[in-house]
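Please work through each task before reading its solution.

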Amino acid sequence: MNVYDAERMTDLLAPIGYEAVDIPDDADLVILNTCHIREKAAEKVYSDLGRLRQMKAVRADGGEPMVLAVAGCVAQAEGEEILRRAPFVDMVFGPQAYHRLPEMVARVHREKGAVLDTEFPARSKFDYLPKPEAQGRFSAFLTVQEGCDKFCTFCVVPYTRGAETSRPVADVIADAGNLAAGGVREITLLGQNVNAYHGQARGFGTKTLGKLIAALADIDGLDRIRYTTSYPAEIDSDLINAHRDIEQLMPYLHLPVQSGSDRILHAMNRRHGASDYKRLVERLRRARPDLALSSDFIVGFPGESDADFKATMDLVDAVEFVGAYSFKYSPRPGTPAAALLGQVPDDVKSERLQALQEKLNAGQAAFNQGAVGKKMSVLLDGAGRHSGQLIGRSPYMQAVHVQAPEDHLGKIVELEIEAAHPNSLAGTLLDALPEHENLGASAEAMA
Ligand code: SAH
């Protein structure tokens, strides 16, 4: 979502004359779009600011001011504290305030002193954002939901991103239509708890995420739909049925479980136990047998014993994930778990993380290896590292390299997978799909 938000900030600044540059050294405006989810990410902001302070000073000596901004969830959580620790910062604004960026830039130039905006405005920022454009992309993010009301005891998101809100169905469809008309073929719907999506549909009450996806599947040229991030207890039958019925919905799901221990899941306030999670996975796989699953894990949550950790390892064996993100528990200020007794020593966390990651990596390697010799449709959406090479994504989110002519960019092609590496696949081009097949299920239904 930070990638998406940063793109939108770029869109907002274009009309007042800003364009993105690759390095900060000669930028007139530098925005750090920050993440507060773990301590490491949050602390990185201050080390980056230290470097930027020097660049700003060098530019000032040359008579060229640099405006320095901190955006995102660290800005939201620490506001004034940033201005105290880094008084050379000119702007601090939260994730719900960035639509006011042009006005803030003007204020910084007009007034003395820093601009601070960490309010949650009454009207959604989306009402003020320009329509997203494809800008040469074939795969794009689209925020449909923001905020979270679930209050997992480890998590800062409800405090930094605010309460759950959904964008109206018509707005999402308009944005997706605009992206597809510009050549985008794959859209990933975003939300901190995307399953909480309940968007207003004019005259129809609200639509669930499953129903929204069904509506998006009617958009011409939009061949692939994904969504992230999911909260298991809120996956409903509409969504499960969407996985069964909607061909454009890709057979890959990121479904964070966090732990395999019921005791720990309860202490995390997750509203699912290990067996609920496994049952949900079964239902999803019955709906879409080739569904590939990835997940998030936290090791060393306060009170986690060896037996609790073993339950997590057992769950990984039972579910067979194809990829995962795993983290050492990081106490976050203001969250209930940070104050719990039984904080786990760092060396224990490190040991558990290593064991878990070995298992998860083995699962990923086995999944990639299993693709060798198979045919897969791949959306080619970028240049590879070597000349004549393009790179794309399989339906299961694997990165795939292939030797292919440049005019294949933006096409969904059939590949035969020849080799598997830990983080990617290599394929060879079978025939490029005829353009009508490239329209996906809607064209097939009409034929
Ligand atoms: N639903 C959210 C999750 C974002 S955080 C979203 O999509 O925006 C991503 C992952 O970070 C979580 O699933 C969790 O595994 C991990 N995480 C969150 N808080 C953490 C903490 N305090 N310590 C360690 N890991 C954490």
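**Exercise 1.** State how many aromatic pairs a search of the whole structure finds, and classify the pair of F297 and F321.

*Solution.* F297 belongs to strand β13 (residues 292-299), and F321 to the loop between α11 (306-319) and β14 (323-328), 24 residues apart. Helices (H or I, at least four residues) and strands (E, at least two) are DSSP runs, numbered from the N terminus. The model is predicted: local features need pLDDT of at least 70, side-chain atom pairs count only at pLDDT 80 or more, and totals for chains, interfaces and linings use all residues. Residues are numbered from 1 along each chain as its sequence is written, and side-chain values use heavy atoms, with hydrogens and water left out.

**Exercise 2.** Are F297 and F321 buried or exposed?

*Solution.* Both F297 and F321 are buried, where buried means under 20% relative accessible area, exposed over 50%, and partly exposed in between (1.4 Å probe, protein chains only). Together with Y277, they form one aromatic cluster.

**Exercise 3.** Identify the residue whose charged end sits over the ring of F327.

*Solution.* The residue is R38, with its charged end 3.6 Å from the ring centre; the criterion is NZ of Lys or CZ of Arg within 6 Å of the ring centre and within 35 degrees of the ring normal.

Terms used. Phe/Tyr/Trp six-rings, centres within 6.5 Å; stacked < 30°, edge-to-face > 60°.
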